[in-house]
Amino acid sequence: MEGVLPLDKPIPAEVLSGNIPKPSKTFNKASLSYSNNSMESESLLDESYTSSLVAASKVTKGDTPRRLFLKRGIRTLSTEVSIKNKKLKSLLQTVRRQKKKIASLEFIINELKNKNLINEDSSLSLFESFGKHKDLITNWNKKNLGKKIEKKYSPTVRQFALSLHFFSVKAYQYVRKQFNTILPHPRTLSKWYRHVNAEPGFTDESLKLLSLKVKNSPHPIFVALVVDEMAIRQHLEYDGSNYYGRVDMGMGMNSDSLEIAKESLVFLVVSVNENWKLPIGYFLAKSLNSEQKVGLIRHAIHELNKTGVKTISLTFDGCSSNVTAAQLLGCNYDINDLKIAFPSGFTNNENIVTLFDPAHMIKLVRNTFGEKKTFLNFENNEINFEYVQNLCFLQEKEGCHLANKLRKQHIFYFKQKMKVKLATQLLSQSVADALRFCKDKLKIDEFHNVGATITFIEMFNRGFDILNSRSINCIGYKKALCKENVKEINLFTKQITQYIKGLKVQDKDGIYVPVLQSNRKTGFIGFIVCLNSLLHLYDTLIEPGKLEYIKMYKLSQDHLELFFCSIRSHGGYNNNPTVRQFRSAYRKLVIQTNNVQNFNTGNCLPLEDIDILHYSSSDPISTLNNNSSGYNADVIVQEENLQNINSFIMDHDYIAVNSDYSLSNFAKEITIYIPGFVVYKLTNILKCDVCKDALCATDKNCFLNSLISIKNKGGNNGGLIYPSEDVIDVCFITEKILKSFDYTNKAVNKLKIQSEVLDHYLHSSNIFKTLKSHNSETRSTFTDHITLLIKSIASTYINLKINNNLKSHNETRSIRMWYNKLTIFKGQ
């Protein structure tokens, strides 16, 4: 056999001792680096040498026991050689880097000794290290050397100073003092602010900026106009010359007869084909009727048309005055004669579509669903909120969740109606999948007729995904509007329109009436209007080739809500500013709109590495990583699994622990789902490829009846990992031991639970059978890969369960926030 050592002859002593000869490497003593030619020749020799070893270690049918023993020795020695070579390479790189660092530090020390101080010349060499704030460093250096700095501040210094002063005046004063007053004095900032007219009305500076943007843009600029009110404190102030706090519509009127304002109507434009937003004006009022809003909207469209931008949409929430104002503009929201656009009044800007803010609409639908409890669809099948309640209570009782975020606060939302996430997480695909799983797979009697409720949730979940699209790279209904998905969206619009027409809800007399004829119709008609407006935008912008796609999130009211959040944050903990405070924050935001970050916008928490505890002297993950080559150098003998994964899905009676505690079918199915996440966490930490492969299932068809398959849409579309049966087995044992310790009501000893899990597998030979040959090559019991894997799986599972249990215990109603809102907005 070519490339194989003649095993009948005696094995050289070098091989048996582990000192396998390798091609010598010549180093340049001055730089400790290889020459290019030597490296190329060595790489070729290394490849040929490694290939000969691999070929020599192949197992054939005719091998004698002596040959098998010698080939196993070749594999072991080749693995050790590769590990030593990697360590040698790492050490050589460390030495080389240290020498370079020492040389650079010696140069710096010599320069400092010669110059005594870091002057302007040395600071110039550090320019690139400080990025866009290098002007601050040079000014600081000049100030320390007693040199004059330019009176005119650079744009980067101005931007930094204005942003820091907006965030905190005290922080600005502290930083200015620590950096030797290189930042402008607060009086200088006040002079900069004076150039912006922040009085109520349309802001001239914003409109001039839009005009300049249009002139310097190579393509037309399309914007969405967003309108909303922000509550302000009813408070009258006097600054020595003017009164602040009364109603002001930008007319310059200041009379004692005017009422005190309690809200501010703000106009904001968001670029559809670029990435920016800009407030263009605000008006102080006590309350505005529909006619007054129509006049302000037409004035805003007129001002925007003069700048050259093209207004394509008008977005507002679902209050009655906004709906009436849209009808006065020319819209008709009768479902049988729907007209979702109104004429702009300008030849260069065609009709403007209207949109009800999708976030407000999903909240209105959720409110109707939660308060009315029952609907009837077009087939008179009952849609009942109690199914969602039962799912929540079942999950709380079992202490585990069917891959959804449904909690008590989603059911008892009455004091948190404004939180959008509570509505979207309740009317989500994950809740629909959980209900379907309880009905079809678990066969729970309480969910026998849940089909109509599942359809209701899925309909509005898909509609919200379409209206909240943020990227062209997404798939399904979350993809931005374009030519690829317009047919699918058009079909769904027809489906949901017919579906909503067939919905019936109980009125005050207990009689079921069509939901579009009830007093709770706004949220439902809002979805129909938004989807039809979306199709109208496709016909006018994408079909003619003016735009390639439209992200519908750009047309939502979220941008204005985030702007309000920035205004409230300007006052620290004061979330209800006065007119004067609103005016000050608005002025600063107009100057630095693109530099002030959004506040309280994080919905997703970053995943963190789980710190796996252990009861031995070393971390199982670290020990496992330190004792594996990571190159799949071991030959794994594939063995047939004696147990099929279907037994985990259909029957779990083979699981037995010392405790008599038993798991319900609900808990068993979820305990099959959680190991997938455990594998996901461990595969990101482990370095041993053989152990990683042992964590994942080889036959995914065995999960056809599991929750993982449903979440993955029957394949790999969901991105979830299918765990191996050994991982599921360890998680089941850990779950049963956790239940026996009553971990939901008292603290548990994690090391004790890990010990019992390991004790269960102490004399078991069926766990991780594919790792037997891999595990036999570790010569120490402290680096046993099977034991370390069991410890790691159990530790990760325990952390997940305990953290989830603590999160459930910490869910309390925010009584303080509720009373705070009642106090602040009392009488408004």
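The model is predicted.

Start with the charged pairs. The structure holds 16 salt bridges. Three of them are taken up here in turn.

Asp63 pairs with Lys71. Their closest N and O atoms are 2.8 Å apart. How accessible is Asp63, buried or exposed? Asp63 has 11% relative accessibility, so the residue counts as buried. Lys71 has a relative accessible area of 1% and is buried too. The cut-off for buried is under 20%.

Next come Glu458 and Arg436. Their side chains form a salt bridge, with an N to O distance of 2.8 Å. Glu458 belongs to helix α17, which covers residues 451-467. Arg436 belongs to helix α16, residues 429-440. Glu458 is buried, at a relative accessible area of 10%. Arg436 is partly exposed, at 27% relative accessibility.

Lys801 is buried, with a relative accessible area of 6%. Glu735 is buried as well, with a value of 0%. Now return to Glu458 and Arg436, which also belong to a network: salt bridges with shared partners join them to Asp433 and Arg462.

Now move to the surface. Lys405, Lys419, Lys421 and Lys807 form a patch of positive charge there. Take Lys421 as the example. Helix α15, residues 420-426, contains Lys421.

Tyr238 lies in strand β3, which runs over residues 237-238. With a relative accessible area of 47%, Tyr238 is partly exposed.

Turn to the cysteines. A disulfide is a covalent bond between the sulfur atoms of two cysteines. How many disulfides does a search of the whole structure find? The search gives 0. Two cysteines can still be placed by their accessibility. Cys530 is buried, with a relative accessible area of 0%. Cys731 has 0% relative accessibility and counts as buried.

Asn380 is not a glycine, yet its phi is positive, about 65°. The residue sits in the loop between β10 (374-376) and β11 (382-384). Ala403 is another non-glycine residue with a positive phi, here about 55°. Where is Ala403 found? Its place is the loop between α13 (386-398) and α14 (408-411). Ala403 is buried, with a relative accessible area of 18%.

Ala261 lies in the loop between β4 (243-244) and β5 (263-271). Its relative accessible area is 0%, so Ala261 is buried. Ala261 and Ala231 are 30 residues apart along the chain. Their C-alpha atoms are separated by 9.2 Å.

The other residue is Lys769. The loop between α28 (750-760) and α29 (772-776) holds Lys769. Is this lysine buried or exposed? Lys769 is buried, at a relative accessible area of 15%. What separates Lys769 from Ile786 in sequence and in space? The two residues are 17 apart in sequence, and their C-alpha atoms are 9.2 Å apart.

How values were computed
Residues are numbered from 1 along each chain as its sequence is written. This is a predicted model: local features need pLDDT of at least 70, side-chain atom pairs count only at pLDDT 80 or more; totals for chains, interfaces and linings use all residues. Side-chain values use heavy atoms; hydrogens and water are left out. Patches are made of residues with over 30% relative accessible area and no salt bridge: like charges are joined within 9 Å, nonpolar side chains (Val, Leu, Ile, Met, Phe, Trp, Tyr) within 5 Å. Accessible areas come from the Shrake-Rupley method with a 1.4 Å probe; for residues, only the protein chains shown count as cover. A salt bridge is a side-chain nitrogen of Lys or Arg within 4 Å of a carboxyl oxygen of Asp or Glu. Lys and Arg count as positive and Asp and Glu as negative; His and the chain ends are not counted. The place of a charge is taken as NZ of Lys, CZ of Arg, CG of Asp or CD of Glu. Helices (H or I, at least four residues) and strands (E, at least two) are DSSP runs, numbered from the N terminus. A disulfide is a pair of cysteine sulfur atoms within 2.5 Å. Buried means under 20% relative accessible area, exposed over 50%, partly exposed in between (1.4 Å probe, protein chains only).
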